[in-house]
Amino acid sequence: MGGGMPQNPMNKMLQDYKKFRQEMQGKNPQEEINKMLQSGKLNQNQLNQIQQKAQQMQGLFKGLF
């Protein structure tokens, strides 16, 4: 048998979240968003979509825990 379990989407999301948390350690999230907006890596429409998704996920997690 092969090593490790097949990558399921929930495991991938948790791994990505852990990596994100490590990268953001000690940084001001609002400052990072402002830098991304100023550099063009992120536009206001994308930010709005991300914020909507975050609110949806927040509601989902509240239901789970």
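1. A quick definition to start: a residue is called buried under 20% relative accessible area, exposed over 50%, and partly exposed in between, using a 1.4 Å probe and protein chains only. Please keep in mind that this is a predicted model, where local features need pLDDT of at least 70, side-chain atom pairs count only at pLDDT 80 or more, and totals for chains, interfaces and linings use all residues. Residues are numbered from 1 along each chain as its sequence is written, and side-chain values use heavy atoms, leaving out hydrogens and water.

2. Glu32 sits in helix α2, residues 29-39 (helices are DSSP runs of H or I with at least four residues, numbered from the N terminus). With a relative accessible area of 19%, Glu32 is buried. Leaving aside residues up to four places away in sequence, Glu32 touches Met24 and Lys27 (contact means heavy atoms within 4.5 Å).

3. Now the charged pairs. The model has two salt bridges, each a side-chain nitrogen of Lys or Arg within 4 Å of a carboxyl oxygen of Asp or Glu. Glu32 pairs with Lys35 at 3.5 Å, N to O; these two lie three residues apart in α2, about one turn of the helix. Lys35 is partly exposed at 44%.

4. The other bridge joins Lys12 to Asp16, with the closest N and O atoms 3.1 Å apart. Because Lys12 and Asp16 are four residues apart in helix α1, about one helical turn separates them. Lys12 is partly exposed at 40% relative accessibility, and Asp16 is partly exposed at 39%.
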